[in-house]
Amino acid sequence: MPDGTQRPAKKSRREYKGSGHVPYLRERRDRYYVQIAVPKDLRGRFGWTVETYLGTGDRTTAKAKAPAAVAEILASFERAREGGPIRSGELKSQAESELRRTYAALAADFLDAHGRLPDLSLEVAEDASDLIGASWQTNRLLGKPTTEYAEEVLDRIGADKSEASIAALSQAVLKAQAAAIAMLQRGIEPPPLNGQRIRRTRKGSAPKVSEAADTFLAERQRDKTARLTAQTANQMRATYRLFVDHVGNVPLDSISREDAASFLDAIAGLHRHYGRRPGAAKIPLKELLEKYPAGDGDGLSNKTLNRHQSTLKTLFRWARKRGMVEGENPFADLARTKARQSEVTWLPFSVAELNRLFKGESFEVRPSNHSLATARPWVMAISLFAGMRQGEVCGLEGEDVRRQDGICYFDVTAAKSEAGVRRVPIHSELIGLGFLKYVKHVGSGPLFPGLTPGGPDKKRGHTLAKRFPAYRRDRKVERERIAFHSFRKNFVLALELAKVDRDRAAQIVGHERGFTFRVYNPEGIDVAGLREVVEAVNYKGLTLR
């Protein structure tokens with residue numbers, strides 16, 4: 001197993017030299033950061049180092065972004081030395097930043113963001129009228145109470161964390177969030193920076209729908225660190241094709257709100273499983289509606305309709321930014337009501353269900369022939385005792401099982417987000433089952449060779465995920481709202497029952513950590529501390545052998 005010990009970071013210089021030399025730039029796992037050592041007189045407030053992720057894996061882009069990031073950190077050092085409450089200019093700057101951040105975050109979640117806007121708007125208004133409540137209730141747009149976030153911002157920019165500053169900044173943040181939500185609901189963009197205005201276009205001069213869609217997707221796929229998955233890209237192409245079937249391949253600026261609404265009404269008449277029929281991807285919409293009409297309760301769900309709506313709304317928003325169209329977004333405010341989150345969230349398995357799922361399964365450490373049957377028990381057990389997603393487990397390579405300071409761990413790099421890149425120590429229960437012997441037997445390459453790649457993205461977990469529902473039904477595990485993801489739910493529940501604090505748990509399951517820990521302790525706890533977290537997981541009454 002490769003040695004996972006990391007070399008210490010080079011010492012940062014006092015001043016940023018710019019031009020071709022980037023002394024503060026750091027690269028880790030194909031992601032770029034700037035990292036600055038904190039002056040001695042400020043370490044009591046900032047810690048030993050401050051680090052900022054540049055949001056890219058491209059070195060040229062990182063070098064372009066680094067100067068601004070470094071300047072912001074150095075400015076916070078100087079501001080901290082000056083002291084004093086937050087200033088009016090700083091309040092305005094933070095409010096503008098929060099408006100754009102909130103707008104971008106909600107707009108980027110084109111699958112289902114707009115169904116949540118009314119509830120979010122109400123919550124933001126309630127917090128703004130009651131800052132005491134905002135001090136303990138989680139702001140869903142921030143992932144933490146608003147006042148806690150305000151304290152972190154004040155810490156970051158170097159202003160004093162007085163009650164007056166916290167209250168003023170909290171109100172500014174909430175007003176900015178309310179403004180961002182209102183803009184999304186009305187289909188308008190935040191004001192352009194530096195007074196730049198969007199070029200007006202002549203009616204009918206915009207590119208046609210298919211041309212705009214091709215250009216938009218090509219732009220999204222250009223940067224390999226930000227590109228869409230093949231599955232998501234194919235879903236978007238399917239939406240564009242159906243829309244062109246409905247309205248024709250007309251210029252974008254000729255599409256009305258009535259066109260948008262009638263399209264959504266039309267596809268609502270499709271059977272929810274029409275896409276599984278042979279050749280459905282090439283059949284015109286009119287023919288699909290004739291061949292596969294929705295029966296009573298068998299139509300597309302509102303969640304699926306909202307995905308189509310948001311896909312097209314995103315295309316028009318992009319086109320407006322490019323100056324191709326102007327005016328109201330025809331797909332704005334057309335999202336349909338979805339089921340409440342509490343009614344669709346996956347649930348953990350009961351111990352009795354886990355025992356039925358593992359009953360009769362053999363944990364082979366030296367399989368003569370690798371197959372789905374030899375991989376499945378290991379994949380289930382790893383998800384249960386490491387909290388890893390099904391795709392993360394199935395995508396592991398032999399080289400991803402590493403050792404540091406005598407502790408074996410999974411080096412998770414193929415994750416859905418920056419927070420998902422992490423180290424997960426191997427639970428003693430897995431070691432007791434002979435997992436390390438299995439790893440030694442497999443050697444290099446895919447850890448589960450019996451799982452063949454499949455699906456649009458050629459993922460190794462495709463077949464296992466497709467067949468797991470039938471497998472659990474055969475084991476009489478048939479409750480609603482349970483799936484393979486329920487193993488991960490079991491792991492998180494076990495951490496909660498063991499009273500593991502949120503930040504330590506987040507480092508194991510790959511969730512975003514709090515601002516203070518993420519910025520001032522970017523490396524997180526060491527592998528020995530991570531092992532303590534994993535070993536806290538225990539399932540009383542579980543039988544694997």
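**Sheet notes**

I started with a residue pair: Val 412 stands opposite Arg 422 in β8. This is a predicted model, so I kept in mind that local features need pLDDT of at least 70, that side-chain atom pairs count only at pLDDT 80 or more, and that totals for chains, interfaces and linings use all residues. Residues are numbered from 1 along each chain as its sequence is written, and side-chain values use heavy atoms, with hydrogens and water left out.

Next I checked the pairing: β7 (residues 407-412) runs antiparallel to β8 over 4 bridges. Two strands pair if DSSP finds at least two bridges between them; strands (E, at least two residues) and helices (H or I, at least four) are DSSP runs numbered from the N terminus.

I then traced the whole sheet, which is open, has 3 strands in the order β6-β7-β8 and pairs antiparallel. β6 (401-404) and β8 (422-425) are the edges with a single partner strand each, so one side of each lacks a neighbour in the sheet.

**Helix notes**

I listed its buried residues (under 20% relative accessible area, 1.4 Å probe, protein chains only); among them are Phe 487, Phe 491 and Leu 495. Their cover includes β8, α13 (351-358) and α22 (527-535). After α19 I found Lys 499 with a positive phi, near 60 degrees.

Conventions. Buried < 20%, exposed > 50% of the residue type's maximum accessible area, 1.4 Å probe, protein only. Contact = heavy atoms within 4.5 Å.
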